[in-house]
Amino acid sequence: NDNKTMTGYFIETLPEYRKKGFRLGELLRLSSIITMLENKIKQLDIVSKDTAIYFHSKYKFEPSTTTFQTRNNILKSIINNSKNSLDEITERAIEFVERLKQKPMPEEQRAITRETNKLAKAYIDRVMAQQSQKENMFDCAIHMKLTSENIIENKDFFNALFKQHGIDYEI
């Protein structure tokens, strides 16, 4: 479309092929990246299932929710599921919830939503660094985005994956 955004729909690796070392999900994600770059798409928007948020984050997707309900669910997930020294992130989530209880004006609601996306990214990054995804799951699906800028910034990472899979493509 005119805004050069691609929307991802339901893509699934069948359960019998998951965690078998085939890395089919990774191949599907790499094909999305090639599609984006070859068609000069600026952004890929998806809704990541709760069980796939860390998978998509590994491939440089970032939280990008705009709905207040999803924002609230993200904050609840961070507060209820934080383990392994995520204290300042949890405290910030609690602070946002307290601010929301005061029923702020719509502009502040939107600002808190934008800040929640940043907080969720920090939470995801910390959980992934600690390799504690199973203990720090989200209780909801979240909107995520991958930008062409982020792909270019991480081209060495993606090029290594293309090479590893024998894909004749380079960013």
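Contact here means heavy atoms within 4.5 Å. The model is a predicted one, in which local features need pLDDT of at least 70 and side-chain atom pairs count only at pLDDT 80 or more, while totals for chains, interfaces and linings use all residues. Residues are numbered from 1 along each chain as its sequence is written, and side-chain values use heavy atoms, with hydrogens and water left out.

View 1. Leaving aside neighbours within four places in sequence, I33 is in contact with L146, I151, F158, F162 and I171. Helices (H or I, at least four residues) and strands (E, at least two) are DSSP runs, numbered from the N terminus.

**View 2. The packing of α1 against α7.** These two helices pack at an angle of about 120°, with their axes 11 Å apart, where axes are lines fitted to C-alpha atoms, for helices over the stretch in contact, and angles run from 0 to 180 degrees between N-to-C directions. That makes α1 oblique to α7, given that angles under 35 degrees count as roughly parallel, over 145 as roughly antiparallel, 65 to 115 as roughly perpendicular and the rest as oblique. The contact is made by E26, L30, I33 and I34 of α1 and F158, L161 and F162 of α7. By class, it has six nonpolar, no polar and one charged residues (Ala, Val, Leu, Ile, Met, Phe, Trp, Tyr, Cys and Pro count as nonpolar, Asp, Glu, Lys and Arg as charged, and the others, Gly among them, as polar).

**View 3. The packing of α3 against α4.** The axes of α3 and α4 come within 9 Å and cross at roughly 140°, and the two helices are therefore oblique to each other. In this contact R71, N72, L75, I78 and I79 of α3 meet I89, T90, A93, I94, F96, V97 and L100 of α4, which by class amounts to nine nonpolar, two polar and one charged residues.

View 4. Q109, found in helix α5, counts as buried at 11% relative accessibility, where buried means under 20% relative accessible area, exposed over 50% and partly exposed in between (1.4 Å probe, protein chains only). Leaving aside neighbours within four places in sequence, Q109 is in contact with F68, R71, L100 and P104.

View 5. S148 lies in helix α6 (residues 148-153) and, at 15% relative accessibility, counts as buried; not counting residues up to four places away in sequence, S148 touches M36, I41 and K42. D168, by contrast, is placed in the segment after α7 and is exposed, with a relative accessible area of 81%.
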